[in-house]
Amino acid sequence: MAYDSMYRNHCQTAIKHFITQEVGRASFAQNLRERLQLDYEQLKACVDVDTVDHHRQRLKDIHQYLSPLRSHKTCLCCLLRAPEKVFSCGHTICDTCVRAFGEKNPEERNSFSFPHCILCGEQNRKADISLTPFTAGVRLLSLDGGGVKGVIPLVFLQHLEESLSDFQVPIRDFFDFICGTSAGMWL
């Protein structure tokens with residue numbers, strides 16, 4: 001069964017963290033296993049069911065149980081990966097679930113919107129999440145000072161920002177990490 005091969009260890013780790021009584025842990029795990037088995041059988045019987053919509057509905061059905069839970073170790077949406085993004089309510093989600101459950105922004109590649117938290121349904125603030133493409137590495141800008149020569153990187157960055165002005169994104173947003181020494185530190 002899918003639960004035993006994919007989810008059991010992750011679920012047991014999460015259950016230990018959230019449920020203190022051993023009897024409650026075993027009961028919760030058994031109920032979860034039975035529910036997942038039932039969902040699996042239903043999905044297997046219905047070929048035309050969209051699994052993402054099915055999972056989204058299941059999450060909606062258990063909003064009341066997920067609402068008080070927070071984890072920065074396991075994505076509570078899929079229970080398989082570590083979460084990377086945080087909603088305003090404090091729930092976290094992994095990049096894979098962002099791609100699966102987010103509404104793709106037609107104007108910006110690798111950008112997704114969530115009108116509400118997928119885990120608790122809170123609609124206070126709309127979450128716009130931009131993901132770094134799989135092929136992108138770390139974007140690092142290192143600036144060396146050197147006294148008066150520190151003006152050269154400044155002029156270059158100013159020219160670069162003007163060239164990219166059509167994108168209406170500040171130059172700092174094109175880099176993951178910016179560092180410098182001497183005068184380069186102040187640019």
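Helices here are DSSP runs of H or I with at least four residues, numbered from the N terminus. With that settled, here's a look at this predicted model.

Let's start with the largest pocket, which has a volume of about 1,200 Å³. Its lining is made up of 40 residues, and those nearest the centre are Leu 32, Leu 36, His 55, Cys 77 and Leu 79. Helix H2 gives the most to this lining, with nine residues. Here are the helices that each supply at least two residues of the lining:

| Helix | Residues |
|---|---|
| H1 | 2-18 |
| H2 | 22-45 |
| H3 | 51-61 |
| H4 | 63-66 |
| H5 | 95-101 |

Now for the sheet. Three strands form an open sheet in the order E3-E4-E5, and the pairing is antiparallel. Strands E3 (103-104) and E5 (127-130) sit at the edges with a single partner strand each, so one side of each has no neighbour in the sheet. Strand E4 covers residues 111-114 and pairs with E3 in the antiparallel sense, over two bridges. Look at Lys 104 and you'll find that its bridge partner in E4 is Phe 112.

Last stop, the surface. Val 138, Leu 140 and Phe 177 together make a nonpolar patch of about 340 Å². Is Leu 140 buried or exposed? With a relative accessible area of 52%, Leu 140 counts as exposed, because the cut-off for that label is over 50%.

Note on methods. Residues numbered from 1 in each chain as written. Predicted model: local features only at pLDDT ≥ 70, side-chain atom pairs only at ≥ 80, totals over all residues. Heavy atoms only, no water. Patch = residues over 30% accessible without salt bridge, like charges linked within 9 Å, V, L, I, M, F, W, Y side chains within 5 Å. Areas by Shrake-Rupley, 256 points an atom, 1.4 Å probe, with all protein chains shown as cover. Salt bridge = Lys/Arg side-chain N within 4 Å of Asp/Glu carboxyl O. Buried < 20%, exposed > 50% of the residue type's maximum accessible area, 1.4 Å probe, protein only. Pairing = 2+ DSSP bridges. 1 Å grid on protein atoms, 1.4 Å probe; cavity = no way out; pocket = protein on both sides within 12 Å on 5 of 7 lines; lining within 4 Å. Points joined across faces, edges and corners; volume = space filled by probe spheres on them.
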